[in-house]
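Have the model open while you read this.

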Amino acid sequence: MGTLCGSRLSELFGSLGSFFRKCMFCILSMGPIPNHFAFIMDGNRRYGKKEKMEEGAGHRAGFSVLMSMLKYCYELGVTHVTIYAFSIENFKRKPDEVQNLMDLILEKIDGLLKEESLVNKYGIRVYFIGNLKLLSEPVRVASEKVMKATANNTKCVLLICIAYTSCDEIVQAVHESCKNKWEEIQPCNSHKSCNGRIEEVDGKNIDDGIGHSVQELSGVQANDLRATRASTFCNDVAQGVESTDNGSGVVGHDAVHGSCDKWGEVQSLEASITGDGVIPYVKREKLAVNPSILKVVDIERHMYMSVAPNPDVLIRSSGETRLSNFLLWQTSNCLLYSPNALWPDMRLWHLVWAVLDFQRNHSYFEKKRKQF
């Protein structure tokens, strides 16, 4: 009888709590809601020691809180959540602790595929972000299985950073970007020039683009520069042959006129060359046509986190304000919120305060984003 009454009371309080959350979230929704939350779940081990738990129990308590936080986020209307589950640096911990964490991660990954799991209830797509090659085979296989199983879910996205550091992400992104850029320019390098952008002057290759520094350009004499630019734009004229009228082989007036306009730019550019032969940066930017230049967008395209927008709010528990090598590239315009509570002590009101803080600073962050 007592058990039955306790169960009914639990259901009643659960219903009241759910109703209270809905009312609170409706009020919060009157203002801007973060699209992307990121969590650094700090303090699991300290919580376990504080509560005199056995080793690993603090992380299990932290996982329970994570499930609650995910539920609150998705009920609030947040579409992306990123969690820092395991850093590459964590592999330096004691082997027994690392193994226990891997076993816990494997257990929870398998739980994500259960019918009653949060993933299936909310239609969440799961990504595992990081250098997955560093994981043990069972964990890597399980993570790939979850990503494949949830690939068609479109309501929300959960990104689990595992075997991850931001430095590793940036290095691999630069490496992949350079590799792709090299493959793009190889057909150009197989010829003497690429659309007339690279020419030889006195047996030396001169690159017509902003990839050269001021120091490199300062050694080019005005006459050599003139010859280089002339050769470049003569090739542009030659390309105009492709724009013929019905295959008549006659170069269109617009093609020639456009290249003459470019040559006029070169002449005016040379008039502005400083006494030491240096081309002012603003002027050189007009002729930025070098296909080998590596841009920021090229690097961002190869980031692990390219599958999601940048975070709006990053929450690190336990009062620490360090990012600990987490999303360093993506958090340049992100609110950092650091409650003093250890991660297993995190509750709904901590999330609510983070949202209120975001809304208070929203106009400032929007202004900063528009500047980029």
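**Ground rules and overview**

This is a predicted model, so local features are reported at pLDDT of at least 70, side-chain atom pairs count only at pLDDT 80 or more, and totals for chains, interfaces and linings use all residues. Residues are numbered from 1 along each chain as its sequence is written, and side-chain values use heavy atoms, with hydrogens and water left out.

The chain has 14 helices and eight strands; these are DSSP runs numbered from the N terminus, with helices being H or I of at least four residues and strands E of at least two. Of the 372 residues in the chain, 40% are buried. Buried here means under 20% relative accessible area, exposed means over 50%, and partly exposed is in between (1.4 Å probe, protein chains only). Take the contacts between residues at least 6 apart in sequence: 76% of them join residues at least 24 apart. A contact means heavy atoms within 4.5 Å.

**Helix α3 and its two partners**

Two packed helices are described by the angle between their axes and the distance between the axes. The axes are lines fitted to C-alpha atoms, for helices over the stretch in contact, and the angles run from 0 to 180 degrees between N-to-C directions.

What angle do the axes of α3 and α13 make where they cross? Helix α3 (residues 57-76) and helix α13 (residues 348-360) cross at roughly 40°, with axes that come within 10 Å. That makes α3 and α13 oblique to each other: angles under 35 degrees count as roughly parallel, over 145 as roughly antiparallel, 65 to 115 as roughly perpendicular, and the rest as oblique. The crossing is right-handed, a label used when the near helix is turned clockwise from the far one by less than a right angle (left-handed if anticlockwise). On the α3 side the contact uses M69, Y72, C73 and L76, and on the α13 side L348, L351 and V355. By class, the residues of this contact are seven nonpolar, no polar and no charged. Nonpolar covers Ala, Val, Leu, Ile, Met, Phe, Trp, Tyr, Cys and Pro, charged covers Asp, Glu, Lys and Arg, and the others, Gly among them, are polar.

Now for α4 (residues 95-111): its axis and that of α3 come within 10 Å and cross at roughly 30°. So α3 is roughly parallel to α4, and this crossing is right-handed. Here H59, R60 and F63 of α3 meet E97, L101, L104, E107 and K108 of α4. This contact divides into three nonpolar, one polar and four charged residues.

**Aromatic rings**

The whole structure holds nine aromatic pairs. Rings of Phe, Tyr and Trp (its six-membered ring) pair if their centres lie within 6.5 Å; planes under 30 degrees apart are stacked, over 60 edge-to-face, and the rest tilted. Two of the pairs are set out here.

| Pair | Centre to centre | Angle between planes | Type |
|---|---|---|---|
| Y74 and Y122 | 6.1 Å | 40° | tilted |
| Y364 and F365 | 5.6 Å | 70° | edge-to-face |

Y74 sits in helix α3 and Y122 in helix α5 (residues 118-122), so their pair ties together parts that are 48 residues apart in sequence. Y74 is buried at 8%, and Y122 is buried at 15%. In the other pair, Y364 is partly exposed at 46%, whereas F365 is buried at 10%. There is also an aromatic cluster formed by Y84, Y164, Y304 and F326.

Is L159 buried or exposed? L159, in strand β4 (residues 156-164), is buried, with 0% relative accessibility. Beyond its neighbours within four places in sequence, L159 contacts several residues, including H36, H80, Y127 and M305. L159 and H80 are 79 residues apart in sequence, yet their C-alpha atoms are 7.6 Å apart.

Strand β4 also holds A163, which is buried at 0%. A163 has a positive phi, near 55°, in a residue other than glycine. N325 is another non-glycine residue with a positive phi, near 65°. N325 lies in the loop between β7 (313-316) and β8 (335-337) and is partly exposed at 21%.
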